[in-house]
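Please look at the sequence and the structure shown here, and keep both in view while reading the report that follows.

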Amino acid sequence: LRASNLLTPASHPLHPGDLSQHSRKYPNTMTSAKHLLKIIKLPPQTPLYQYLLLEEALLRESAHSYIIMLNGTNRECVVSGVGNKPHEWLNQSYLHENRQKIPIIKRYTGGGSVVASQDTLFVSFVLSKALVPQNVELFPRPIMKWSEKVYKPVFGEQFELLEYDYVWKCDAHQEEHSTKRHVHGAGITDSVRELNEDLLEKEFFDASHNMKHEDKPDHSFVSKKFGGNAQYMTGGKKQRFCHHTSFLWDFNPHTMNSCLVIPSKKPDYRDNRTHDDFLIRMKDMQRFTSRDHFFELMERRFREMANGDEWRDHVEMTEETMEDAWQYVEKNTMVGTRYIDPLTGEKIEWEEEYL
C-alpha cells in the first residue's frame, strides 16, 4: 500500500463537497410509491446503550427504513451477542471488580462480544426488504454480500468481505519480508504491533460464521480485520432486517485483554495467526484523513445510491434527528437490549444519561 493511497477529501472519488445543500433532504423525485429512508447521525459520544435501544425500536416499531451512524460512544463498554454466555466470552472477575466503570450490554442481535469505546465507529442499516435487490434473500450471507457492495466504493479495492468480517488486504510479499516491528508500504504503524498475543480470539465476528461460504482466501494478500458485523431479520409480513457494523478506528489492547477471554470459535481465514497479525486499525490503513472524513464519504455513498439505479425509482431519502426518532423507543415493548451482570448474565439497572 503506497502513500498515494491516502485520499484527501478532494481527491476521493466520493468526495462529498458542500454538504450544506443536502442538510435536510437529499435530491430525489418523490412519488407516493416510494419508500422513506431516513439518515440518523447521532451526536458523537452518544451512549451505545441508547444507540442500540433506538436501532432495535426502529426495526420493530417503524415502517420506515433507516441508516444510523455514530462517531464513537461515550465510554468503554462491553457489548455481547444475544446468545453469548458470560463465562465463554467475558473476563468475569475483572468486569465484576470494575462493574461501576465498564458496563456490559447484551444486544438483541447475534454475534460475539466486543469492547467498544470512543474510538469505535458504528453504522447500522435498518431496512425493509424493498431496499435491497429482489434476488437478495433475508438471510445473513446474502445481506452481507449486498453490504460489501455498499461499502466497496468507500473503502476501495483493498476492502473485502471474508467469511463474516470486513477485512483489509495487505500485500503478502511485503508482509513476508517485513520485520516483526515494521511493515513497509502496508499502511500499518508500530502501534498495531503492540498487541498482546493473548488477545488471539477477541474480535467481534458473526455467530453464524461456521456456515458454509464461498469466500476463499487469496494467498497473494494478507487479510486483516477491522470491521465486525451482526444481523437480525424479522419474519412474517414485515420483511425487515438490521445489519450493523462496529469499525475499529482505534482501540486499547489492554482493555480488550482485560475484559474478554479467548472464545472457542474463530474465523477460518485467521489460519492460527496471532492477534497482531490479524487486526488492523482504520486509522493505519491510510485511506481516510479522519473519522469525520469516513462518515462524510459514507453519506456521499448513500446519496449516490439514492440517485442511482438501485434506489432512484422507489426510495426517498431524508434526515431525522435522534430526538424525533426516540418516539419509537417509547413504543417498543419487545426490548432485547439490556445491561447485564458479568457473573450471572441477568438483567441489571445501570445509571446512564437518557434523553
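Which residue stands opposite Asp-165 in β8? The answer is given below, in the part on the sheet.

## About the model

This is a predicted model, in which local features need pLDDT of at least 70 and side-chain atom pairs count only at pLDDT 80 or more, while totals for chains, interfaces and linings use all residues. Residues are numbered from 1 along each chain as its sequence is written, and side-chain values use heavy atoms, with hydrogens and water left out.

## The sheet

An open sheet of mixed pairing is formed by 8 strands in the order β7-β8-β9-β10-β6-β2-β1-β11; strands (E, at least two residues) and helices (H or I, at least four) are DSSP runs, numbered from the N terminus, and two strands pair if DSSP finds at least two bridges between them. At the edges stand β7 (159-162) and β11, each with a single partner strand, so one side of each is left without a neighbour in the sheet. From one strand to the next the twist averages 20 degrees, where angles run from 0 to 180 degrees between N-to-C directions and axes are lines fitted to C-alpha atoms, for helices over the stretch in contact.

The strands β7 and β8 (residues 165-171) run antiparallel and are joined by 4 bridges. Here the opening question finds its answer, as Leu-162 is the residue that stands opposite Asp-165 in β8.

## Helices on the sheet

Helix α1 (residues 48-61) packs on the sheet and touches β1, β2 (65-71), β6 (120-128), β9 (221-233) and β10 (240-248), with a direction that makes about 10 degrees with that of β6; contact means heavy atoms within 4.5 Å. Helix α7 (residues 291-306) lies across β1, β2, β6, β10 and β11, and runs at about 165 degrees to β2.

## Salt bridges

Side chains of opposite charge can pair when their charged atoms come close. The structure holds 12 salt bridges, each being a side-chain nitrogen of Lys or Arg within 4 Å of a carboxyl oxygen of Asp or Glu. One of them joins Glu-319 and Lys-41 (3.5 Å, N to O), and this pair links distant parts of the chain, with Glu-319 in strand β11 (residues 315-319) and Lys-41 in strand β1 (residues 35-41), 278 residues apart. Glu-319 counts as buried at 14% relative accessibility, whereas Lys-41, at 42%, counts as partly exposed; buried means under 20% relative accessible area, exposed over 50%, and partly exposed in between (1.4 Å probe, protein chains only).

Another salt bridge is formed by Lys-145 with Glu-148, whose closest N and O atoms are 3.2 Å apart. Both residues lie in helix α4 (residues 140-155), 3 residues apart, which is about one turn of the helix.
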